[in-house]
Amino acid sequence: MDDLERDIKALIIDALKLEDIQPDDIDSREMLFGTGLGLDSIDALELGIALRKHYGLRIETITDEVKGHFASVRSLAAFVQDQRKRDGGADAVA
């Protein structure tokens with residue numbers, strides 16, 4: 001499993017206090033909202049805040065594109081990597 005994806009899974013579990021779930025229980029391609037992991041809009045807000053704090057992500061407005069980044073762990077990992085590239089290739093976690 002990709003280290004970034006594992007870190008994001010751990011962040012999801014910690015930020016949303018999902019006590020009975022381990023990182024390996026979450027499929028990186030699984031939908032996070034609705035079917036799949038079953039997160040809701042409140043979870044999305046909390047996850048967005050955690051991602052901003054942990055990775056220094058900048059999310060200006062909620063657009064369909066941003067919602068697409070939150071579809072799965074894999075899409076979140078791609079979003080984090082893209083933000084890192086834009087910020088000068090920083091690999092360190094903020």
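Asp20 is exposed, with a relative accessible area of 73%. This is a predicted model. Asp20 sits in the loop between helix 1 and helix 2. Its C-alpha atom is separated by 31 Å from that of Gln83. Along the chain, Asp20 and Gln83 are 63 residues apart.

Lys17 belongs to the loop between helix 1 and helix 2. Its relative accessible area is 63%. Lys17 therefore counts as exposed, because the cut-off for that class is over 50%. The backbone of Lys17 has a phi near 50°. That is a positive value, in a residue other than glycine.

## Helix packing

Two packed helices are described by the angle between their axes and by the distance between those axes. Helix 1 covers residues 3-15. Helix 1 packs with helix 2 at an angle of about 130°. The two axes lie 10 Å apart. The crossing of helix 1 and helix 2 is right-handed.

Helix 1 also packs with helix 4. Here the angle is about 110°, and the axes are 9 Å apart. Helix 1 is thus roughly perpendicular to helix 4, because angles from 65 to 115 degrees are put in that class. Helix 1 passes helix 4 in a right-handed crossing.

## Largest pocket

The largest pocket has a volume of about 220 Å³. Its lining includes Phe33, Ala44, Leu45, Gly48, Ile49 and Arg52. Ile59, Ile62, Val66, Lys67 and Phe70 are also part of the lining. By class, the lining of the largest pocket holds 8 nonpolar, 1 polar and 2 charged residues.

Which helix gives the most to this lining? Helix 2 does, with 5 residues. Helix 2 spans 41-55 and helix 3 spans 64-69. Each of these helices supplies at least two lining residues of the largest pocket.

## Second largest pocket

The second largest pocket has a volume of about 160 Å³. Among the residues that line the second largest pocket are Arg58, Ile59, Glu60, Thr61, Thr63 and Glu65. Val66, His69, Phe79, Gln83 and Arg86 line the second largest pocket too.

Helix 3 and helix 4 each supply at least two of the lining residues. Helix 4 runs over 73-86.

## Helix 4 and the segment after it

Arg84 is found in helix 4. Is Arg84 buried or exposed? Arg84 is buried, with a relative accessible area of 17%. The cut-off for that class is under 20%. Arg84 and His69 are 15 residues apart in sequence. In space, their C-alpha atoms are 15 Å apart.

Asp87 lies in the segment after helix 4. Its relative accessible area is 40%. Asp87 is therefore partly exposed, because that class lies between the cut-offs of 20% and 50%. Asp87 and Lys53 are 34 residues apart in sequence. From C-alpha to C-alpha, Asp87 and Lys53 are 15 Å apart in space.

Technical notes:
Residues numbered from 1 in each chain as written. Predicted model: local features only at pLDDT ≥ 70, side-chain atom pairs only at ≥ 80, totals over all residues. Heavy atoms only, no water. 1 Å grid on protein atoms, 1.4 Å probe; cavity = no way out; pocket = protein on both sides within 12 Å on 5 of 7 lines; lining within 4 Å. Points joined across faces, edges and corners; volume = space filled by probe spheres on them. Helix = DSSP H or I, 4+ residues; strand = E, 2+ residues; numbered from the N terminus. Nonpolar A, V, L, I, M, F, W, Y, C, P; charged D, E, K, R; others polar. Buried < 20%, exposed > 50% of the residue type's maximum accessible area, 1.4 Å probe, protein only. Axes fitted to C-alpha atoms, helices over the stretch in contact; angles between N-to-C directions. Left-handed = near helix turned anticlockwise from the far one by under 90°. Parallel < 35°, antiparallel > 145°, perpendicular 65-115°, else oblique.
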